Amino acid sequence: MKTRIAMLAATLCAATAIPALAAWDEVGVVRIDQGRDRESRSFNMGGSIEALQFRAEGGRIMCRAINARFGNGRSQTVFRGTLEDGQPRAVDLPGRERNITRLDFDCGADNRRGARIHVVADVGRYREEWRRSPQWQSQWSRVFNWGSNLVNDWRYLDSVRFEGRGDREGSFAGWRGQRAEAVALRPLEADARCSRVTARFGNGRSQPLDVNRGDVLRRGQYYKLDLPGRARDLVSLDMRCQAMGANRVTVQIYTSR
């Protein structure tokens with residue numbers, strides 16, 4: 001297997017089943033080919049982190065080892081085992097080490113088309129350290145939504161992938177009736193247009209939501225969806241979207257509670 005890290009500078013950020021007090025952001029994606037053949041790439045991060053997660057997308061991924069190198073020059077295996085598709089796995093960071101400067105992947109996908117590992121971090125109390133990073137303006141400020149004028153601190157929930165030139169159906173049903181004060185969408189690899197987004201609530205009712213008045217959603221931007229009345233117990237979002245000027249787009253779902 002050959003791994004290829006893509007640091008999605010303008011489009012990166014989580015996972016489902018996350019601790020309630022953590023604010024997870026996806027900071028990179030690793031492409032995993034079928035088979036196994038180690039290739040290391042530098043994975044530069046903008047500061048220290050509270051916690052780390054990996055989440056497979058597109059199939060099961062078996063990892064002989066994922067090794068982290070820290071700011072003090074030491075290296076340690078932080079994960080070995082299987083990443084099931086769509087299920088985040090927490091990483092045990094050693095002692096007080098929180099400044100990861102490099103990640104090396106020795107993994108293989110069981111899908112012949114390959115799969116991806118989403119690298120997700122909880123920055124927590126280290127925000128100011130990230131803001132002092134030389135790459136803050138050029139890279140990380142586009143990743144994090146700290147202090148947005150829209151809604152402060154959107155929390156990443158999950159993403160839905162749309163492939164092809166025409167509209168495609170997709171849905172997310174991970175709320176399980178939890179209360180959400182607000183919801184936002186954010187396209188990643190390309191601009192997107194969502195011709196329909198329907199919310200289903202705990203009382204069984206469904207409601208179409210306005211998505212930027214039918215206009216294009218620009219890559220990397222957050223778009224708030226207005227929820228009807230006092231309905232807040234979201235169960236699922238059914239979406240019909242397409243990439244604009246590209247073959248695929250991932251639409252991230254955020255919530256504010």
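Guide: Start with a definition: a residue is buried if its relative accessible area is under 20%. The model here is a predicted one.

Visitor: What makes Phe-105 count as buried?

Guide: Phe-105 has 1% relative accessibility. The cut-off is under 20%, so Phe-105 counts as buried.

Visitor: How do you know that Val-120 is buried?

Guide: The relative accessible area of Val-120 is 0%, and buried means under 20%. Val-120 is therefore buried. This residue lies in strand β8, residues 115-122. Val-120 and Val-29 are 91 residues apart in sequence, and their C-alpha atoms are 8.9 Å apart in space.

Visitor: Why is the pair of Phe-54 and Phe-105 called edge-to-face?

Guide: Rings pair if their centres lie within 6.5 Å, and planes over 60 degrees apart count as edge-to-face. For Phe-54 and Phe-105 the centres are 6.0 Å apart and the planes stand at 70 degrees, so the pair is edge-to-face. Phe-54 is in strand β3 and Phe-105 in strand β7, 51 residues apart, so the pair links distant parts of the chain.

Visitor: What makes Phe-54 and Phe-79 an edge-to-face pair?

Guide: Their ring centres are 6.3 Å apart and their planes are at 70 degrees, so this pair is edge-to-face. Phe-79 belongs to strand β5, 25 residues from Phe-54 in strand β3 (residues 51-57). Both Phe-54 and Phe-79 are buried. Phe-54, Phe-79 and Phe-105 form one aromatic cluster.

Visitor: Which strands make up the open sheet, and in what order?

Guide: Three strands form this sheet in the order β5-β4-β7, with antiparallel pairing.

Visitor: Why do β5 and β7 stand at the edges?

Guide: β5 (75-83) and β7 (100-109) each have a single partner strand, so one side of each is left without a neighbour in the sheet. From one strand to the next, the twist averages 15 degrees.

Visitor: How do you know that β4 and β7 pair?

Guide: Pairing takes at least two bridges between the strands. Strand β4 (residues 61-70) is joined to β7 by nine bridges, and the two run antiparallel. In one of these, Ile-66 has Phe-105 of β7 as its bridge partner.

Visitor: What joins β12 to β13?

Guide: Three bridges join β12 to strand β13 (residues 206-208), and these strands run antiparallel. At least two are needed, so the two strands count as paired. The bridge partner of Ala-199 in β13 is Gln-207.

Notes. Residues are numbered from 1 along each chain as its sequence is written. This is a predicted model: local features need pLDDT of at least 70, side-chain atom pairs count only at pLDDT 80 or more; totals for chains, interfaces and linings use all residues. Side-chain values use heavy atoms; hydrogens and water are left out. Helices (H or I, at least four residues) and strands (E, at least two) are DSSP runs, numbered from the N terminus. Buried means under 20% relative accessible area, exposed over 50%, partly exposed in between (1.4 Å probe, protein chains only). Axes are lines fitted to C-alpha atoms, for helices over the stretch in contact, and angles run from 0 to 180 degrees between N-to-C directions. Rings of Phe, Tyr and Trp (its six-membered ring) pair if their centres lie within 6.5 Å; planes under 30 degrees apart count as stacked, over 60 as edge-to-face and the rest as tilted.
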